[in-house]
Amino acid sequence: MTEPPAAAASPADGGSARAGSPTIGDLRAELDAGTVSSVDLVARALDAAEEARPTLNAFRYLRRAQALAEAAEADARRARGDCSPLLGVPVAMKDDVDIAGLPTAFGCDDSGRAPAAADAEMVRRLKASGAIIIGKTNSPELGQWPFTTGRFGVTRNPWSPVHTPGGSSGGSSAAVAAGIVPAAMGSDGAGSVRIPAACTNLVGIKPQRGRIPSYPEAEQFHGLTVMGPLAHTVADAALLLDTLSGGHPGDRHRPPPVSASEWVGRDPGRLRIGLSFDSPFTATPVTLDPDVVAATERVANALVRLGHDVVLDGPRYGRLLGLNFLPRSMAGLEQWRRRFPDPSVLDPRTLGNARNGRLLGGVPLAAARKAEPRIRRRIGKVFDRVDVVLAPTTATPPRPADAIDGLGGWDTDKAITAFCPMTWPWNVLGWPAVNVPAGFTGDGLPLGTQLMGHAGSEPLLVSVAAQLEAELQWHRVTPDRWW
């Protein structure tokens with residue numbers, strides 16, 4: 001394991017204005033002007049990813065030969081007049097999605113894992129759009145933890161090498177926050193897009209269940225997990241969402257496509273926004289860090305300045321919501337565990353959770369799925385009172401990068417609950433949510449808040465998030481390079 005470098009300087013007052021990392025829009029402008037080629041951009045991204053591997057450790061696999069060949073084809077397409085918005089732009093993909101020619105290790109030891117024979121549908125769509133996937137990013141084992149650490153080592157936060165970039169899409173968030181790629185895809189089964197976005201000063205969209213196809217999987221983790229983008233700006237995240245949205249016939253959930261990009265810069269009108277600091281019931285106590293509370297209140301005040309009404313109100317989760325989440329998450333882990341028949345390649349905590357999944361995968365799982373409509377009706381009553389809910393994304397600032405290394409199962413669960421107890425209910429419900437950056441701690445660690453909506457509300461959430469971006473200008477702040 002690589003020793004962490006000395007801590008980097010970070011904005012201690014919520015960020016100082018300076019040139020931000022290039023966005024998709026920035027790279028498109030360069031490509032359109034002919035000042036750079038896609039081959040140039042992709043080679044630059046691959047070199048940056050390779051150079052940062054010993055320190056940042058964001059990538060599990062890189063696709064140098066394939067990505068450069070695809071970049072050359074993108075340049076040829078552009079020369080023929082193709083102006084697709086993602087054409088020639090380098091991006092990254094989390095390692096829980098099939099890319100032909102690479103294993104899908106999902107944070108596990110990949111010994112003996114055969115490469116995927118075909119691209120997943122979302123990868124096919126990205127490639128068809130002209131985006132260049134330079135590689136697959138690190139995830140903790142089977143996406144279980146909000147800390148990106150495992151047999152591949154520790155992935156570190158570009159804002160502080162001793163802290164986590166979150167998880168489970170921590171490799172994707174680190175790659176974007178470090179400016180290696182302007183955007184990346186992650187997956188969110190209990191907050192795994194929103195949490196790393198909060199930890200690294202990024203926008204992270206958890207879409208409606210099924211909005212982005214899961215094929216060749218009919219669904220992931222019994223409907224808990226969805227795919228979603230991480231980016232510096234709302235416009236970039238919305239562009240990726242639009243490019244990928246729309247179901248596949250093999251998906252269990254097939255909501256129609258959205259055009260979220262049309263809502264970037266559109267006035268949503270005066271909204272009633274519920275400010276909630278309530279956590280769903282957990283087995284261990286949860287305490288909100290004062291920095292998190294203050295950051296959430298700063299975002300609430302920004303919404304008031306934008307003309308919205310902010311009131312203290314939030315979802316009524318109830319004490320039994322976790323009984324709906326656990327059978328689905330644990331049974332999903334057991335399904336993935338079967339793809340790794342050699343138990344020696346898996347963490348003992350994974351094997352313990354998978355055993356629980358075997359116990360919960362029958363009647364409890366069926367009961368959880370059957371109860372979902374009733375839970376939606378109960379929790380959804382909040383939207384009779386407000387249009388959008390604003391809540392913290394995590395309970396604390398980013399934790400140490402190796403905080404769960406060497407812990408047993410129960411201590412790991414306590415560490416997870418203390419860090420991020422507030423995102424997983426929206427995975428049970430299948431509804432959209434967006435993390436927006438909320439400033440920094442006094443030590444320069446990023447903080448985030450989530451905008452949470454009812455079914456199909458991605459356009460509304462994107463509109464509000466874009467308003468906040470124009471007000472707070474988080475995309476103009478970047479970490480000092482240490483990696």
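Q: Buried means under 20% relative accessible area, and exposed means over 50%. By that rule, is Glu372 buried or exposed?
A: In this predicted model, Glu372 has a relative accessible area of 6%. That value is under 20%, so Glu372 is buried.

Q: What makes the contact between Arg209 and Glu372 a salt bridge?
A: The side chains of Arg209 and Glu372 meet with an N to O distance of 2.7 Å. A salt bridge needs a side-chain nitrogen of Lys or Arg within 4 Å of a carboxyl oxygen of Asp or Glu, so the pair qualifies. Arg209 sits in the loop between strand 7 (203-206) and strand 8 (226-231), while Glu372 belongs to helix 11 (residues 363-379). The two residues are 163 residues apart, and the pair links distant parts of the chain.

Q: Is Arg209 buried or exposed, and how do you know?
A: The relative accessible area of Arg209 is 6%. Since the limit for buried is under 20%, Arg209 is therefore buried.

Q: Why is the pair Arg305 and Glu471 called a salt bridge?
A: The N to O distance between the side chains of Arg305 and Glu471 is 2.8 Å. The cut-off is 4 Å, so the pair is a salt bridge. Arg305 lies in helix 8 and Glu471 in helix 14 (residues 458-472), so the bridge ties together parts 166 residues apart in sequence.

Q: How do you know whether Arg305 and Glu471 are buried, partly exposed or exposed?
A: Arg305 has a relative accessible area of 53%, which is over 50%, so Arg305 is exposed.

Q: How many salt bridges does the structure hold, and which residues are linked in a network of salt bridges?
A: The structure holds 30 salt bridges. Arg63, Glu70, Asp119 and Lys127 are linked in a network of salt bridges.

Q: Why is Thr296 called buried?
A: Thr296 has 0% relative accessibility. That is under 20%, so Thr296 counts as buried. Thr296 is found in helix 8 (residues 290-305).

Q: Which residues is Thr296 in contact with, leaving aside its neighbours within four places in sequence?
A: Leaving those neighbours aside, Thr296 is in contact with Leu275, Phe277, Leu390, Ala391, Pro392 and Thr449. Contact here requires heavy atoms within 4.5 Å.

Q: How do you know whether the chain agrees with the rule for a compact globule?
A: With 483 residues, a compact globule would have a radius of gyration near 23 Å. The chain has 21 Å, which agrees. Its C-alpha atoms fill a box of roughly 55 × 55 × 50 Å along the principal axes. Buried residues make up 61% of the 483 residues. Of the contacts with a separation of 6 or more, 79% come from residues 24 or more positions apart. The chain has 14 helices and 13 strands.

Q: What makes a space a cavity rather than a pocket, and how many cavities of 30 Å³ or more are there?
A: In a cavity a 1.4 Å probe fits but cannot get out, whereas a pocket is an open set. The count is two cavities of 30 Å³ or more. The largest cavity holds about 100 Å³ of space. It is lined by 14 residues, and Gly210, Ile212, Ser214, Glu219 and Thr225 are the closest to its centre. Its lining has five nonpolar, six polar and three charged residues.

Q: What lines the second largest cavity?
A: The residues lining the second largest cavity include Trp159, Asn201, His232 and Pro479. The lining has five nonpolar, five polar and no charged residues. The space in the second largest cavity is about 30 Å³.

Q: Which residues lie nearest the centre of the largest pocket, and which element gives the most to its lining?
A: Of the 40 lining residues, Phe325, Leu326, Ser329, Met330 and Ile416 lie nearest the centre of the largest pocket. Strand 6 (183-188), helix 9 (322-337), helix 10 (348-360) and helix 12 (409-419) each give two or more residues to the lining. Helix 9 gives the most, with seven residues. By class, the lining of the largest pocket has 21 nonpolar, 15 polar and four charged residues. About 1,000 Å³ of space lies in this pocket.

Conventions
Residues are numbered from 1 along each chain as its sequence is written. This is a predicted model: local features need pLDDT of at least 70, side-chain atom pairs count only at pLDDT 80 or more; totals for chains, interfaces and linings use all residues. Side-chain values use heavy atoms; hydrogens and water are left out. Helices (H or I, at least four residues) and strands (E, at least two) are DSSP runs, numbered from the N terminus. Buried means under 20% relative accessible area, exposed over 50%, partly exposed in between (1.4 Å probe, protein chains only). On a 1 Å grid over the protein atoms alone, a cavity is a set of points where a 1.4 Å probe fits but cannot get out, and a pocket is an open set with protein on both sides within 12 Å along at least five of seven lines; lining residues have an atom within 4 Å of a point. Grid points are joined across faces, edges and corners, and a volume is the space filled by probe spheres set on the points. Ala, Val, Leu, Ile, Met, Phe, Trp, Tyr, Cys and Pro count as nonpolar, Asp, Glu, Lys and Arg as charged, and the others, Gly among them, as polar. The radius of gyration is taken over C-alpha atoms; the globule rule is 2.2 Å times the number of residues to the power 0.38.
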